[in-house]
Amino acid sequence: TEAIGLYNLGQTCCLNSLLQVFLMNIRFTGILRRITVPSSPAQRRNNVPYQMLLLLEKMQCGKCKAVGPIDLAYCLSEHRVKLFVQHDAAQLFLTLWNLLKKQMKKPELVEELTDLYTVCIQEHLTCQNCSFEIKRNSTMLTLPLPVVDANSHRLKTLEDCLQYFFHPEELTGQNMCFCHQCGSQTTFLQSMKLVHLPQTLTLHLKRFCFERSSRTHKLSHCTAFPQELDFSEVLTEDQCQADDIEKATWQYELFAVVAHAGSASFGHYCAYIRSLTACKWYCFNDSEVCQVSWDDVKCTYGHSDLNWRETAYLLIYMKKHPQ
């Protein structure tokens with residue numbers, strides 16, 4: 001079957017969950033299968049894309065319910081990715097992504113991988129005194145979405161989180177910027193405008209926050225997310241910097257949820273992934289894999305009175321009608 005588990009080598013639940021999300025994405029594996037195989041045994045042992053490809057083939061050819069990602073874990077440790085420690089899924093996702101891009105030798109594959117995952121944002125800074133404006137384009141692997149606003153009010157839906165992320169913010173007091181036209185520190189209006197969305201879109205729900213005591217706290221309240229998401233309906237015209245052709249591709253379906261159970265200092269990750277071929281939801285909990293329903297996936301919305309329950313941390317959406 002296509003639903004094969006990964007054995008936990010010791011606190012590797014975060015790595016296992018992310019690997020399942022990568023390898024269940026047939027567009028990603030289509031790129032992975034075209035990599036250049038390193039020439040020497042030493043290079044092959046230390047090449048992350050190649051070791052990920054070997055793991056994929058092992059999962060697809062094996063007759064066991066789970067396989068061990070030992071060789072890939074060893075390879076990652078050679079690139080200073082610590083093993084047997086608690087990882088943050090968003091940070092580890094970025095680390096894996098950077099290693100993949102760095103070690104793919106074919107420029108066209110690097111470009112395809114970039115197009116598959118990266119978001120393009122345009123940041124606007126406007127002086128509120130003289131209207132002097134600065135524009136800056138940037139790319140992001142994930143959209144980091146707050147789940148509470150500046151007044152610590154809970155954002156109850158994913159759409160609320162997106163609207164808050166793209167809502168203009170006034171930079172005053174210590175956050176004022178230097179205006180070259182005014183020649184002094186002035187109040188600026190900062191706004192983000194969406195330029196381009198990739199085929200595979202990763203949204204990071206920022207459930208871990210720092211308290212005044214400098215301790216990290218987990219926000220476990222309910223934040224609902226939909227199976228289908230249309231960005232052109234969620235965001236206003238002022239929050240977009242794209243033409244109608246681009247916006248026509250902004251309709252998404254939920255592909256995967258990387259969920260975290262536990263506290264900010266200790267916990268466990270698993271992944272809920274919708275098979276793109278069988279169109280069924282599966283829960284990948286290390287070596288255990290089982291088919292689940294949408295109601296099971298919705299249990300990761302969160303609950304403020306059940307802090308140890310699973311809460312969605314990364315949401316991965318795929319375009320319904322890619323260009």
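## A buried loop residue

Select aspartate 286: with a relative accessible area of 11%, it is buried. Buried means under 20% relative accessible area, exposed over 50%, and partly exposed in between (1.4 Å probe, protein chains only). The loop between β16 (281-285) and β17 (288-292) holds aspartate 286. Its phi is near 55 degrees, a positive value in a residue other than glycine.

This is a predicted model: local features need pLDDT of at least 70, side-chain atom pairs count only at pLDDT 80 or more, and totals for chains, interfaces and linings use all residues. Residues are numbered from 1 along each chain as its sequence is written, and side-chain values use heavy atoms, with hydrogens and water left out.

Go to glutamine 11, in the loop between β1 (5-6) and α1. Helices (H or I, at least four residues) and strands (E, at least two) are DSSP runs, numbered from the N terminus. Phi of glutamine 11 is near 60 degrees, again a positive value in a residue other than glycine. Glutamine 11 counts as partly exposed, at 36% relative accessibility.

## Two domains

Color domain 1 (1-116) and domain 2 (142-166 + 199-322). These bounds come from an automatic or database domain assignment. Their centres, taken over C-alpha atoms, are 23 Å apart. In contact are 29 residues of domain 1 and 32 residues of domain 2; contact means heavy atoms within 4.5 Å.

## The cores

Which residues have the most contacts inside the largest nonpolar core? Select Phe28 and Tyr117; the core has 55 residues. Domain 1 and domain 2 both give residues to this core, so it lies between them. A nonpolar core is a set of buried Ala, Val, Leu, Ile, Met, Phe, Trp, Tyr and Cys residues joined through side-chain atoms within 4.5 Å.

Stay on tyrosine 117. Leaving out residues up to four places away in sequence, tyrosine 117 touches Phe22, Asn25, Phe28, Phe93, Trp97, Met140, Leu141, Pro198 and Thr200. Another core, of 39 residues, lies apart from the largest one; Leu158, Leu197, Ala259 and Tyr272 are among its members.

## Helix α7

Select residues 107-117, helix α7: Leu109, Val110, Leu113, Leu116 and Tyr117 are buried. They cover an arc of only 125 degrees around the axis, which puts them on the same side of α7. The arc is that of the directions from the helix axis to the C-beta atoms. Turn to the face away from the buried side: exposed Pro107 and Glu111 are there. Show what covers the buried residues, including α1 (13-23), α2 (26-32), α6 (89-103), β3, β4 and β10.

## The four-stranded sheet

Next, show the open sheet of four strands, in the order β4-β3-β9-β6, with antiparallel pairing. Two strands pair if DSSP finds at least two bridges between them. At the edges are β4 (133-140) and β6 (169-171), each pairing on one side only. Zoom to β3 (residues 119-127) and β9 (residues 188-196), joined by eight bridges. Here cysteine 120 stands opposite histidine 196 in β9.

## Strand β18

Last, select residues 311-319: nine of the nine residues of β18 are buried. Two antiparallel neighbors follow.

- Strand β10 (residues 200-206) has five bridges to β18; leucine 201 has tyrosine 317 as its bridge partner there.
- Strand β14 (residues 251-262) has eight bridges to β18; histidine 260 stands opposite threonine 311.
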